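Have a look at the model first, then try each task before reading on.

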Amino acid sequence: MSDKTSDIVLVVLMAVIMLIIAYPLYYVIVASVSDPFDVQAGKTFLLPSQFTLEGYERVFSNDSLLNGFLNSVKYTVIGTLYSVITVYITAYPLSKKNLPGRKWISIFFIITMYFGGGLIPTYLVVKDTGLLNNMWALFLPGGVGMGNVIIVRNFFENNIPKDMIEAAQIDGADELTTFVRVVVPLSRSIMAVIVVFSMVAFWNDWFTAMIYLNDAQAPFPLVMRGIVIKTDQLATMTSGMTHLEATRIGELVKYASMIVAAAPMLIIYPFVQKYFEQGFMSGAVKG
(Lines give C-alpha, C1' and ligand atoms only; values in the text may rest on other atoms or scores of the structure.)
Protein backbone atom coordinates (compact mmCIF):
# COMPACT_ATOMS: atom_id res chain seq x y z
CA MET A 1 0.00 0.00 0.00
CA SER A 2 1.06 3.57 -0.58
CA ASP A 3 1.84 5.81 2.38
CA LYS A 4 -1.44 7.68 1.96
CA THR A 5 -3.49 4.48 1.85
CA SER A 6 -1.72 3.02 4.88
CA ASP A 7 -2.31 6.26 6.80
CA ILE A 8 -6.03 6.10 6.00
CA VAL A 9 -6.21 2.47 7.11
CA LEU A 10 -4.41 3.24 10.38
CA VAL A 11 -6.62 6.25 11.10
CA VAL A 12 -9.79 4.23 10.49
CA LEU A 13 -8.47 1.37 12.62
CA MET A 14 -7.56 3.71 15.49
CA ALA A 15 -10.97 5.39 15.23
CA VAL A 16 -12.72 2.02 15.54
CA ILE A 17 -10.57 1.03 18.51
CA MET A 18 -11.21 4.39 20.20
CA LEU A 19 -14.94 3.99 19.64
CA ILE A 20 -14.92 0.51 21.14
CA ILE A 21 -13.07 1.79 24.21
CA ALA A 22 -14.92 5.08 24.70
CA TYR A 23 -18.48 4.03 23.94
CA PRO A 24 -19.12 2.04 27.19
CA LEU A 25 -18.24 5.14 29.23
CA TYR A 26 -20.39 7.32 27.00
CA TYR A 27 -23.24 4.82 27.34
CA VAL A 28 -23.06 4.96 31.14
CA ILE A 29 -23.10 8.79 31.04
CA VAL A 30 -26.18 8.74 28.79
CA ALA A 31 -27.86 6.08 30.94
CA SER A 32 -27.25 8.10 34.11
CA VAL A 33 -29.43 10.96 32.80
CA SER A 34 -32.08 8.83 31.05
CA ASP A 35 -35.14 6.93 32.15
CA PRO A 36 -33.94 3.42 33.15
CA PHE A 37 -36.80 1.72 31.34
CA ASP A 38 -35.85 3.48 28.11
CA VAL A 39 -32.27 2.32 28.71
CA GLN A 40 -33.46 -1.28 29.04
CA ALA A 41 -35.58 -0.85 25.93
CA GLY A 42 -32.53 0.23 23.91
CA LYS A 43 -33.68 3.81 23.31
CA THR A 44 -30.46 5.43 24.54
CA PHE A 45 -27.97 4.05 22.05
CA LEU A 46 -26.66 7.53 21.21
CA LEU A 47 -28.75 10.18 22.97
CA PRO A 48 -30.46 10.45 26.38
CA SER A 49 -34.16 9.65 26.64
CA GLN A 50 -36.42 11.56 29.05
CA PHE A 51 -33.52 13.57 30.48
CA THR A 52 -33.35 13.55 34.29
CA LEU A 53 -30.81 14.35 37.00
CA GLU A 54 -32.69 12.50 39.71
CA GLY A 55 -29.96 9.90 40.07
CA TYR A 56 -27.30 12.54 40.76
CA GLU A 57 -29.64 14.41 43.12
CA ARG A 58 -30.17 11.27 45.19
CA VAL A 59 -26.45 10.48 45.21
CA PHE A 60 -25.39 13.96 46.36
CA SER A 61 -28.21 14.23 48.91
CA ASN A 62 -26.48 11.53 50.97
CA ASP A 63 -24.82 13.14 54.02
CA SER A 64 -21.90 10.71 54.07
CA LEU A 65 -20.87 11.47 50.47
CA LEU A 66 -18.78 14.57 51.27
CA ASN A 67 -17.07 12.81 54.17
CA GLY A 68 -16.30 9.83 51.93
CA PHE A 69 -14.96 12.10 49.20
CA LEU A 70 -12.63 13.89 51.63
CA ASN A 71 -11.50 10.54 53.02
CA SER A 72 -10.68 9.28 49.53
CA VAL A 73 -8.75 12.44 48.69
CA LYS A 74 -6.72 12.04 51.90
CA TYR A 75 -6.07 8.34 51.34
CA THR A 76 -5.18 8.87 47.68
CA VAL A 77 -2.75 11.73 48.34
CA ILE A 78 -1.02 10.03 51.28
CA GLY A 79 -1.03 6.62 49.61
CA THR A 80 0.39 7.99 46.36
CA LEU A 81 3.19 9.81 48.17
CA TYR A 82 3.93 6.68 50.19
CA SER A 83 3.93 4.52 47.07
CA VAL A 84 6.19 6.84 45.05
CA ILE A 85 8.69 7.23 47.89
CA THR A 86 8.90 3.51 48.70
CA VAL A 87 9.13 2.53 45.02
CA TYR A 88 11.90 5.06 44.36
CA ILE A 89 14.03 4.19 47.39
CA THR A 90 13.69 0.50 46.51
CA ALA A 91 14.22 0.76 42.75
CA TYR A 92 17.25 3.05 42.86
CA PRO A 93 19.54 0.69 44.84
CA LEU A 94 18.34 -2.26 42.74
CA SER A 95 19.35 -0.39 39.60
CA LYS A 96 22.97 -0.40 40.83
CA LYS A 97 24.70 -3.41 39.30
CA ASN A 98 27.38 -3.28 41.99
CA LEU A 99 24.87 -3.64 44.83
CA PRO A 100 25.91 -6.60 47.02
CA GLY A 101 23.32 -9.38 46.84
CA ARG A 102 21.36 -7.55 44.15
CA LYS A 103 20.21 -10.75 42.46
CA TRP A 104 18.94 -12.37 45.66
CA ILE A 105 17.24 -9.21 46.89
CA SER A 106 15.42 -8.96 43.55
CA ILE A 107 14.32 -12.60 43.76
CA PHE A 108 13.06 -12.03 47.32
CA PHE A 109 10.93 -9.12 46.16
CA ILE A 110 9.65 -10.91 43.06
CA ILE A 111 8.47 -13.88 45.15
CA THR A 112 6.04 -11.54 46.92
CA MET A 113 4.35 -10.85 43.57
CA TYR A 114 3.19 -14.46 43.31
CA PHE A 115 2.86 -15.71 46.89
CA GLY A 116 1.06 -14.22 49.87
CA GLY A 117 -0.40 -15.27 53.18
CA GLY A 118 -4.01 -14.55 52.19
CA LEU A 119 -6.72 -12.39 53.71
CA ILE A 120 -7.03 -13.98 57.16
CA PRO A 121 -3.30 -13.99 58.04
CA THR A 122 -3.01 -10.43 56.75
CA TYR A 123 -6.00 -9.37 58.85
CA LEU A 124 -4.46 -10.94 61.96
CA VAL A 125 -1.18 -9.11 61.32
CA VAL A 126 -3.02 -5.80 60.87
CA LYS A 127 -5.02 -6.43 64.05
CA ASP A 128 -2.01 -7.43 66.16
CA THR A 129 -0.05 -4.38 65.00
CA GLY A 130 -2.85 -2.04 66.05
CA LEU A 131 -3.75 -0.85 62.57
CA LEU A 132 -7.47 -1.66 62.69
CA ASN A 133 -9.55 1.51 62.13
CA ASN A 134 -6.34 3.27 61.13
CA MET A 135 -5.84 4.64 57.63
CA TRP A 136 -2.30 3.20 57.54
CA ALA A 137 -3.91 -0.23 57.19
CA LEU A 138 -4.55 0.80 53.58
CA PHE A 139 -0.86 1.40 52.86
CA LEU A 140 1.50 -0.56 55.09
CA PRO A 141 0.33 -4.18 54.52
CA GLY A 142 0.86 -3.81 50.78
CA GLY A 143 4.37 -2.55 51.33
CA VAL A 144 6.15 -1.90 48.06
CA GLY A 145 4.48 -2.57 44.71
CA MET A 146 7.07 -4.78 43.04
CA GLY A 147 5.57 -4.34 39.59
CA ASN A 148 6.13 -0.60 39.87
CA VAL A 149 9.63 -1.19 41.25
CA ILE A 150 10.58 -3.21 38.17
CA ILE A 151 9.34 -0.45 35.84
CA VAL A 152 11.21 2.27 37.74
CA ARG A 153 14.36 0.15 38.07
CA ASN A 154 14.44 -0.41 34.31
CA PHE A 155 13.99 3.32 33.79
CA PHE A 156 16.92 4.12 36.07
CA GLU A 157 19.13 1.55 34.32
CA ASN A 158 18.32 2.61 30.75
CA ASN A 159 17.47 6.32 30.87
CA ILE A 160 19.54 7.99 33.59
CA PRO A 161 22.91 8.99 32.03
CA LYS A 162 25.74 7.36 33.95
CA ASP A 163 27.98 10.32 33.07
CA MET A 164 25.75 12.72 35.02
CA ILE A 165 25.80 10.50 38.10
CA GLU A 166 29.58 10.16 37.90
CA ALA A 167 29.98 13.91 37.40
CA ALA A 168 27.88 14.61 40.50
CA GLN A 169 29.94 12.18 42.54
CA ILE A 170 33.19 13.71 41.27
CA ASP A 171 31.88 17.10 42.44
CA GLY A 172 31.53 15.63 45.93
CA ALA A 173 27.87 14.59 45.99
CA ASP A 174 27.06 11.52 48.04
CA GLU A 175 24.48 8.90 46.99
CA LEU A 176 21.55 10.68 48.67
CA THR A 177 22.41 14.04 47.14
CA THR A 178 22.88 12.43 43.72
CA PHE A 179 19.54 10.67 44.06
CA VAL A 180 17.63 13.79 45.12
CA ARG A 181 19.26 16.34 42.82
CA VAL A 182 20.05 14.28 39.72
CA VAL A 183 18.00 11.08 39.54
CA VAL A 184 14.64 12.39 40.77
CA PRO A 185 14.51 15.46 38.46
CA LEU A 186 15.45 13.30 35.46
CA SER A 187 12.75 10.74 36.20
CA ARG A 188 9.62 12.90 36.23
CA SER A 189 8.09 10.96 33.35
CA ILE A 190 8.32 7.59 35.10
CA MET A 191 7.15 9.26 38.30
CA ALA A 192 3.98 10.25 36.44
CA VAL A 193 3.40 6.58 35.63
CA ILE A 194 3.70 5.55 39.28
CA VAL A 195 1.53 8.48 40.37
CA VAL A 196 -1.25 7.51 37.96
CA PHE A 197 -1.07 3.81 38.89
CA SER A 198 -1.11 4.63 42.60
CA MET A 199 -3.86 7.23 42.41
CA VAL A 200 -6.19 4.93 40.51
CA ALA A 201 -5.45 2.03 42.86
CA PHE A 202 -6.02 3.99 46.07
CA TRP A 203 -9.03 5.89 44.74
CA ASN A 204 -10.83 2.71 43.66
CA ASP A 205 -9.84 0.60 46.67
CA TRP A 206 -13.00 -0.02 48.69
CA PHE A 207 -12.46 -3.64 49.71
CA THR A 208 -9.43 -2.97 51.93
CA ALA A 209 -11.29 -0.13 53.64
CA MET A 210 -14.33 -2.35 54.17
CA ILE A 211 -12.14 -4.92 55.95
CA TYR A 212 -10.03 -2.61 58.15
CA LEU A 213 -11.84 0.73 58.60
CA ASN A 214 -15.06 1.82 60.31
CA ASP A 215 -17.96 3.62 58.62
CA ALA A 216 -16.74 7.11 59.56
CA GLN A 217 -13.45 6.41 57.76
CA ALA A 218 -15.05 4.90 54.64
CA PRO A 219 -13.61 6.16 51.33
CA PHE A 220 -15.68 7.46 48.47
CA PRO A 221 -16.14 4.19 46.51
CA LEU A 222 -17.28 2.37 49.67
CA VAL A 223 -19.78 5.14 50.42
CA MET A 224 -21.06 4.93 46.84
CA ARG A 225 -21.45 1.18 47.23
CA GLY A 226 -23.46 1.73 50.38
CA ILE A 227 -25.68 4.27 48.62
CA VAL A 228 -26.50 1.80 45.86
CA ILE A 229 -27.26 -1.00 48.31
CA LYS A 230 -29.36 1.20 50.62
CA THR A 231 -31.26 2.65 47.68
CA ASP A 232 -32.30 -0.83 46.55
CA GLN A 233 -33.23 -1.88 50.09
CA LEU A 234 -34.94 1.25 51.37
CA ALA A 235 -36.79 2.10 48.18
CA THR A 236 -38.75 -1.15 48.31
CA MET A 237 -39.60 -0.49 51.97
CA THR A 238 -40.82 3.08 51.45
CA SER A 239 -44.51 3.50 51.96
CA GLY A 240 -46.43 4.20 48.79
CA MET A 241 -43.54 3.38 46.46
CA THR A 242 -44.16 0.66 43.94
CA HIS A 243 -41.59 -1.96 43.06
CA LEU A 244 -41.42 -0.46 39.56
CA GLU A 245 -40.55 2.99 40.92
CA ALA A 246 -38.03 1.50 43.34
CA THR A 247 -36.34 -0.30 40.44
CA ARG A 248 -36.23 2.91 38.41
CA ILE A 249 -34.59 4.85 41.24
CA GLY A 250 -32.13 2.07 41.93
CA GLU A 251 -30.97 1.98 38.31
CA LEU A 252 -30.59 5.77 38.17
CA VAL A 253 -28.47 5.75 41.32
CA LYS A 254 -26.26 2.92 40.02
CA TYR A 255 -25.41 4.69 36.78
CA ALA A 256 -24.91 8.06 38.50
CA SER A 257 -22.66 6.42 41.10
CA MET A 258 -20.42 5.00 38.36
CA ILE A 259 -19.90 8.43 36.83
CA VAL A 260 -19.34 10.23 40.15
CA ALA A 261 -16.80 7.62 41.25
CA ALA A 262 -14.90 7.69 37.94
CA ALA A 263 -15.00 11.45 37.32
CA PRO A 264 -11.97 12.54 39.44
CA MET A 265 -9.56 10.17 37.72
CA LEU A 266 -10.95 11.06 34.28
CA ILE A 267 -10.39 14.74 35.04
CA ILE A 268 -6.84 14.29 36.34
CA TYR A 269 -5.51 11.91 33.68
CA PRO A 270 -5.34 14.37 30.73
CA PHE A 271 -2.96 16.57 32.72
CA VAL A 272 -0.43 13.76 33.19
CA GLN A 273 -1.03 11.86 29.94
CA LYS A 274 2.10 13.17 28.21
CA TYR A 275 4.41 12.18 31.06
CA PHE A 276 2.54 8.91 31.56
CA GLU A 277 3.12 7.78 27.97
CA GLN A 278 6.79 8.83 27.96
CA GLY A 279 7.51 7.19 31.29
CA PHE A 280 5.69 3.97 30.55
CA MET A 281 7.54 3.42 27.28
CA SER A 282 10.94 4.34 28.69
CA GLY A 283 10.36 2.17 31.75
CA ALA A 284 9.48 -0.89 29.71
CA VAL A 285 11.76 -3.91 29.72
CA LYS A 286 14.37 -3.67 26.97
CA GLY A 287 16.03 -6.73 25.45
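**Exercise 1.** What does the accessible surface of the protein come to, and what percentage of it belongs to carbon and sulfur atoms?

*Solution.* Keep in mind that this is a predicted model. The accessible surface of the protein comes to about 17,200 Å². Of that surface, 68% belongs to carbon and sulfur atoms. As for the interior, buried residues make up 37% of the 287 residues.

**Exercise 2.** Find how many helices and how many strands the protein has.

*Solution.* Follow the chain from the N terminus: the elements run α-α-α-α-α-α-α-α-α-α-α-α-α. That gives 13 helices and zero strands.

**Exercise 3.** Work out how helices H7 and H10 are oriented to each other.

*Solution.* Step one: locate H7 at residues 146-159 and H10 at residues 188-204. Step two: their axes come within 10 Å and cross at roughly 175°. Step three: angles over 145 degrees count as roughly antiparallel, and H7 and H10 are therefore roughly antiparallel to each other. Step four: H7 contributes Asn148, Ile151, Val152 and Phe155 to the contact, while H10 contributes Ser189, Ile190, Ile194 and Phe197. By class, this contact of H7 with H10 has six nonpolar, two polar and no charged residues.

**Exercise 4.** Decide whether serine 83 is buried or exposed.

*Solution.* Start with its place, which is in helix H4 (residues 64-94). Serine 83 has a relative accessible area of 11%. Buried means under 20%, so serine 83 is buried. Beyond residues up to four places away in sequence, serine 83 touches Asn148, Ile194, Ser198 and Phe202.

Terms used:
Residues numbered from 1 in each chain as written. Predicted model: local features only at pLDDT ≥ 70, side-chain atom pairs only at ≥ 80, totals over all residues. Heavy atoms only, no water. Axes fitted to C-alpha atoms, helices over the stretch in contact; angles between N-to-C directions. Helix = DSSP H or I, 4+ residues; strand = E, 2+ residues; numbered from the N terminus. Parallel < 35°, antiparallel > 145°, perpendicular 65-115°, else oblique. Contact = heavy atoms within 4.5 Å. Nonpolar A, V, L, I, M, F, W, Y, C, P; charged D, E, K, R; others polar. Buried < 20%, exposed > 50% of the residue type's maximum accessible area, 1.4 Å probe, protein only. Areas by Shrake-Rupley, 256 points an atom, 1.4 Å probe, with all protein chains shown as cover.
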